Amino acid sequence: MNVITIERKILEKNEDLAKLNRETFKQKNIFVLDLLSSPGSGKTSILEKTLETISKQVGIAVIEGDVQTDNDAQRIAKHNVPVVQIITMGGCHLDAQLVRNAMDSLPLDEIQLLFIENVGNLVCPAEFDLGEHEKVVILSTTEGDDKPLKYPAAFRNARTCILNKTDLLPHVDFSVEDFKKNALKINPNLTLFEMSAKTGEGIEAWTDWLTQKIKNG
């Protein structure tokens with residue numbers, strides 16, 4: 001009972017801070033996405049390909065979450081966009097306070113699109129509201145088409161899902177049809193994208209969706 005009470009208090013405090021973040025994003029007219037995935041799904045590669053495609057047309061910034069290193073932030077910084085690294089020192093997720101602290105180091109008036117790359121984990125990050133507009137859950141074809149059933153909270157709390165590494169489909173035991181069936185069973189309202197960050201296949205549909213979201217406010 002004590003553990004449940006502590007968890008509830010933590011989540012309630014996080015919700016209050018997430019509301020403040022959301023108000024700030026609304027005032028600044030920034031569209032915010034929280035990217036969730038297991039390690040190795042290709043979140044950072046997708047971000048890099050996205051930046052290559054639209055960063056000259058859209059003001060983009062990135063908040064990077066990592067347990068120990070700033071490797072991903074260094075990769076993103078090469079694309080000449082504002083990036084802030086949050087090192088959680090073992091923590092399994094980002095929370096609204098960490099995001100709020102990172103916002104202080106970003107030129108918010110110049111940003112239209114903010115990506116929050118969460119810690120590689122499909123469990124803890126799914127439960128924490130950061131003030132984002134949407135959570136995007138990313139899965140790669142190397143992980144198994146039953147992942148939505150194993151990690152339902154991540155798929156239930158997301159509005160958008162990306163299946164990455166489609167170039168590997170001929171070489172892995174993965175059924176796109178079963179994956180879609182499982183994902184939509186958990187969340188029938190998911191918007192689904194299929195892509196390969198390596199080859200660029202499917203990136204255009206994703207970036208077109210992003211720019212339309214920004215236009216719609």
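Let's call it a contact when heavy atoms lie within 4.5 Å. This is a predicted model, where local features need pLDDT of at least 70, side-chain atom pairs count only at pLDDT 80 or more, and totals for chains, interfaces and linings use all residues. Residues are numbered from 1 along each chain as its sequence is written, and side-chain values use heavy atoms, with hydrogens and water left out.

Start with helix 2 (residues 43-54) and helix 8 (residues 203-216), which pack at about 70 degrees with their axes 10 Å apart. That makes helix 2 roughly perpendicular to helix 8 (the term covers 65 to 115 degrees). Their crossing is right-handed. On the helix 2 side, Ile46, Lys49, Thr50, Thr53 and Ile54 meet Ile203, Trp206, Thr207, Leu210 and Thr211 of helix 8. Sort the residues of this contact and you get 5 nonpolar, 4 polar and 1 charged.

Now follow helix 2 over to the largest pocket, where it gives the largest share of the lining, 3 residues. A pocket here is an open set of points on a 1 Å grid where a 1.4 Å probe fits, with protein on both sides within 12 Å along at least five of seven lines; lining residues have an atom within 4 Å of a point. The largest one holds about 230 Å³ of space. Its lining runs to 18 residues, with Pro39, Gly40, Lys43, Asp72 and Glu117 nearest the centre. Besides helix 2, strand 2 (60-66) and helix 3 (71-77) each give two or more residues to that lining. By type, the lining splits into 3 nonpolar, 10 polar and 5 charged residues.

How values were computed:
Axes are lines fitted to C-alpha atoms, for helices over the stretch in contact, and angles run from 0 to 180 degrees between N-to-C directions. Helices (H or I, at least four residues) and strands (E, at least two) are DSSP runs, numbered from the N terminus. Angles under 35 degrees count as roughly parallel, over 145 as roughly antiparallel, 65 to 115 as roughly perpendicular and the rest as oblique. A crossing is left-handed if the near helix is turned anticlockwise from the far one by less than a right angle, and right-handed if clockwise. Ala, Val, Leu, Ile, Met, Phe, Trp, Tyr, Cys and Pro count as nonpolar, Asp, Glu, Lys and Arg as charged, and the others, Gly among them, as polar. Grid points are joined across faces, edges and corners, and a volume is the space filled by probe spheres set on the points.
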